[in-house]
Amino acid sequence: KDIEWHLIGHLQTNKVKMVVPFVAMIHSLDSVRLAEAIQKAAAAAGRTIDVLLEIHVADEESKSGWQWPELLEYSRNGAFGRMPNLRVRGVMGVATNTEDEQVIRRDFAALQRYKSELSPYFGPEFDTLSIGMSHDYRIALEYGATLVRIGSLIFGARDYSK
């Protein structure tokens, strides 16, 4: 009971009902469809779930996330305010997988700006900027990251051969 579980990574809508009873935060709310599914499951479970809005900024099609114009319009229209079982805590994003520091900085700057632009549509709990991973967390901290994902630094690189 003293542990809070966070779901990090892509969440399929057909898995939401299995996750919502157990997690405190979902780090990867990436679409209208997923927002509606989480709201429905959280209401059924009598819970409020913290979420981070995943915004797509990387120069990679394999990365998921909201397209900025769609998210901005959805937020402006007050749609999240009609979802009482979601508490939008901030934004998250993954930078382009590159060694080019300028590209990484561009991506982090965009996410920092998007968080700032979205802030008026949410309350004081909109306080999280989740950017940066093991290889670029130092740069992410320069851009105001409040959460970084540094699993490889803690646990070592993944072994994909198993």
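The legends below describe close-up views of a predicted model. Residues are numbered from 1 along each chain as its sequence is written, and side-chain values use heavy atoms, with hydrogens and water left out. Local features need pLDDT of at least 70 and side-chain atom pairs count only at pLDDT 80 or more, while totals for chains, interfaces and linings use all residues.

**View 1. The buried face of helix 3.** Helix 3 spans residues 68-76; helices (H or I, at least four residues) and strands (E, at least two) are DSSP runs, numbered from the N terminus. Its buried residues are W68, L71, L72, Y74 and S75, where buried means under 20% relative accessible area, exposed over 50%, and partly exposed in between (1.4 Å probe, protein chains only). Seen down the helix axis, these residues fall within an arc of 165°, so they line one face of helix 3; the arc is that of the directions from the helix axis to the C-beta atoms. Their cover includes helix 2 (32-45), strand 3 (49-54) and helix 4 (101-118). After helix 3 comes G78, with a positive phi near 75°.

**View 2. F80 and the largest nonpolar core.** A nonpolar core is a set of buried Ala, Val, Leu, Ile, Met, Phe, Trp, Tyr and Cys residues joined through side-chain atoms within 4.5 Å. The largest one has 44 residues, and F80 is among those with the most contacts inside it. Helix 4 supplies the largest share of this core, six residues. Leaving aside neighbours within four places in sequence, the residues in contact with F80 (heavy atoms within 4.5 Å) include L29, L53, W66 and F122.

**View 3. Salt bridges of R89.** A salt bridge is a side-chain nitrogen of Lys or Arg within 4 Å of a carboxyl oxygen of Asp or Glu. R89 forms one with D50, the closest N and O atoms being 3.2 Å apart. This pair joins strand 4 (residues 86-92) to strand 3, across 39 residues. R89 counts as buried because its relative accessible area is 19%, and D50 is buried at 11%. R89 also forms a salt bridge with D127, at 2.9 Å between the closest N and O atoms. D127 lies in the loop between helix 4 and strand 5 (128-133) and is partly exposed, at 37%. Together, D50, R87, R89 and D127 are linked in a network of salt bridges.

View 4. The side chains of E117 and R113 meet in a salt bridge (3.8 Å, N to O). Both residues lie in helix 4, four residues apart, about one turn of the helix. E117 is partly exposed at 34% relative accessibility, and R113 is partly exposed at 43%.
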